[in-house]
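Here are my notes on the model you sent. They are set out as numbered points, to be read beside the structure.

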Amino acid sequence: MADESCVVVGAGGISRAWFPPLKAEGVKVAAVVDLNIDAAKERITNYDLDAEPSDDLDATLRKHRPDFVADLTTPEAHAEVTCAALEAGCHVIGEKPMAADTDQALRMVQTAERTGRMYMVSQSRRWEPHHEAVRRAVADRLCGRLTTVNCDFYIGAHFGGFRSEMQSPLVLDMAIHHFDLARMFSGADPLAVYAHEFNPAGSWYRGDAAASCIFEMTDGIVFTYRGSWCAEGFQTSWNGDWDLVCDAGGLRLRQDQPPAACRISGDEGFIRPREDVPVPTVEMEHTTMHGALGEILAFLRDGTTPQTECRDNIKSLAMVFGAMRSSREKRRVEIAELLG
Ligand SMILES: NC(=O)c1ccc[n+]([C@@H]2O[C@H](COP(=O)([O-])OP(=O)(O)OC[C@H]3O[C@@H](n4cnc5c(N)ncnc54)[C@H](O)[C@@H]3O)[C@@H](O)[C@H]2O)c1
């Protein structure tokens, strides 16, 4: 059993993915806070928790003094909730995206630094064995040196709720996963972006539900992203379809199947001969939210820095806001403009 205690803030849809791993790890959930206290009560009942329902975050944190807060609120509320928790002396694991704009995100990072508390963002898709296998294959140069990364994402998702009203639902609420995966796979950071967001005819979203983006990354790598959340045709998986072009071969991810790789096997011919190469598989004890939870628990236990701690994760978020600025101002945007 774990010794740690937490307060969960936000009892909406995604909280269903968090209570099972919190229970499995034996973390004491002292309280569930939501503006809608009935939602908090419902989760406590559903998951049979010995926790207090509340709609008053500050009073709850003063009363329970948890080791960490799980911020599962909507993106617009993350800065307020996470900063309040950090100021109260708690570490925080928060849902993606870190914040709804760069000023909020910078304030959150500064608050974590000033209070000396850990703030990590759960980018759940990092904790997937196929994704970690790709990261290692690229780092080990299984197919040579990475030059080009492409991701396609097409899903027709009929959510309703806050996403229907957001200005940039695809880029802010979904593409953050893919942009963060591009950084994870490549080990490269963003330098500049040119993006075009649009809302295709027939869209059921108010804001732009589709985008095409070209990122210039460190090491000369180019990452191209094409995505739509209102694509009623052939669907990719939620993780997207990926091609990683290297200077001696390439890697490919399709429909959540194990990654495929090929490598040139000779240096003659108009098209060089190539052969399939196995990608070493990765065993992962816990995936998605459970994987993220494992990293905040490891931090609490032995100080290991989570891979998505806020100073790193803000670079993935900057890809989001860079793409949005580029699209609105119809120009190439340098990422340094956003992070100062
Ligand atoms: N990792 C993933 O794959 C994944 C999937 C879905 C959602 N998410 C993320 O999880 C977050 C929540 O999404 P959701 O689908 O659960 O949304 P939701 O609207 O279903 O739930 C959000 C809850 O937060 C509460 N809330 C909002 N502001 C609050 C505040 N200031 N204090 C306390 N409670 C507050 C709302 O009342 C609501 O109950 C978002 O950031 C979303 O992007 C992540």
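1. Leaving aside its neighbours within four places in sequence, which residues is valine 121 in contact with? They are Gly94, Glu95, Lys96, Met98, Thr308 and Asn313. Please bear in mind that this is a predicted model.

2. Valine 121 belongs to strand 6, residues 119-122. With a relative accessible area of 0%, valine 121 counts as buried, because the cut-off is under 20%. Aspartate 180 is 59 residues from valine 121 in sequence, and the C-alpha to C-alpha separation in space is 11 Å.

3. The axes of helix 3 (residues 57-64) and helix 4 (residues 78-87) come within 10 Å and cross at roughly 30°. Angles under 35 degrees count as roughly parallel, so helix 3 and helix 4 are roughly parallel to each other. Their crossing is right-handed. Leu57, Asp58 and Leu61 of helix 3 make the contact with Val81, Ala84 and Ala85 of helix 4. By class, this contact has 5 nonpolar residues, 1 charged and no polar.

4. An open sheet is formed by 9 strands in the order 14-13-12-11-7-10-9-8-15, with mixed pairing. Strand 14 (274-277) and strand 15 (333-334) are the edge strands, each pairing on one side only. Strand 15 runs antiparallel to strand 8 (residues 190-198), and 2 bridges join them. Valine 193 has valine 333 in strand 15 as its bridge partner.

5. Helix 9 (residues 310-329) packs on the sheet and touches strand 8, strand 9 (210-217), strand 10 (222-228) and strand 15. The direction of helix 9 makes about 50° with that of strand 8.

6. Helix 6 (residues 129-139) lies across strand 7 (146-154), strand 11 (241-246) and strand 12 (249-253). Helix 6 runs at about 170° to strand 12.

Conventions: Residues numbered from 1 in each chain as written. Predicted model: local features only at pLDDT ≥ 70, side-chain atom pairs only at ≥ 80, totals over all residues. Heavy atoms only, no water. Helix = DSSP H or I, 4+ residues; strand = E, 2+ residues; numbered from the N terminus. Buried < 20%, exposed > 50% of the residue type's maximum accessible area, 1.4 Å probe, protein only. Contact = heavy atoms within 4.5 Å. Axes fitted to C-alpha atoms, helices over the stretch in contact; angles between N-to-C directions. Parallel < 35°, antiparallel > 145°, perpendicular 65-115°, else oblique. Left-handed = near helix turned anticlockwise from the far one by under 90°. Nonpolar A, V, L, I, M, F, W, Y, C, P; charged D, E, K, R; others polar. Pairing = 2+ DSSP bridges.
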